[in-house]
Amino acid sequence: KQWYQRRVREMIKDRVIIGHSLHNDFAVLGFSHPRHLIRDTSRYKPFKDISRGNTPSLKRLVQHFLQTEVQDGVHDSVEDARCALLLYRKHRAQWERSVKKKKRKGEEEEEREEEDKDDGLDD
C-alpha cells in the first residue's frame, strides 16, 4: 500500500486534480493535496448554488449544466471522472479567476498578519 501511495503522490505532485468529492478519494489514499491544486465540482460555489449551498450530486450538476443524463444504473467511476472534467472545462475561465482571487486574498491576509506581528514587536 505504501508503494502505491508514494507512486500516486509522485504522479500528482504539482498538478491540478479535477473531480467530484475528491476528499473521499484522498481519504482512501491516505494523504491530502494542496488546496490550490484541487478543482472539486462538489465544492465550487457556483455549482453549490444550484443546491442552495449544499453539496450537489454529480448527477444533478451534469443535468443542470451539461443538459445530459448520467449514472443510470450502475456506478461508473470513469463516467464520473469524464463528467467532472467536462464541467470544469465548461467553467474553467471563471473557476480559475476565482482561484486567483482567493489566492490574492489569502496573500493579502498573510501580509496583514505579518504587519500586525511586526507592529507588536515595537512595543
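This is a predicted model: local features need pLDDT of at least 70, side-chain atom pairs count only at pLDDT 80 or more; totals for chains, interfaces and linings use all residues.
Local features required pLDDT of at least 70 and side-chain atom pairs pLDDT 80 or more, whereas totals for chains, interfaces and linings use all residues. Residues are numbered from 1 along each chain as its sequence is written, and side-chain values use heavy atoms, with hydrogens and water left out.

A search of the whole structure identified 5 salt bridges, defined as a side-chain nitrogen of Lys or Arg within 4 Å of a carboxyl oxygen of Asp or Glu. Among them, Arg7 pairs with Glu10 at 3.8 Å (N to O); these residues are 3 apart in helix H1 (residues 2–12) and are therefore separated by about one helical turn. Helices are DSSP runs (H or I) of at least four residues, numbered from the N terminus. A salt bridge also joins Asp49 to Lys45 at 3.0 Å (N to O). Lys45 is exposed because its relative accessibility is 56%, while Asp49, at 44%, is partly exposed. Here, buried means under 20% relative accessible area, exposed over 50%, and partly exposed in between (1.4 Å probe, protein chains only).

In helix H4 (residues 58–66), the buried residues are Leu58, Leu61, Val62 and Phe65. Viewed down the axis of H4, these residues fall within an arc of 95 degrees and so line one face of the helix; the arc is that of the directions from the helix axis to the C-beta atoms.

Definitions and conventions:
Helices (H or I, at least four residues) and strands (E, at least two) are DSSP runs, numbered from the N terminus.
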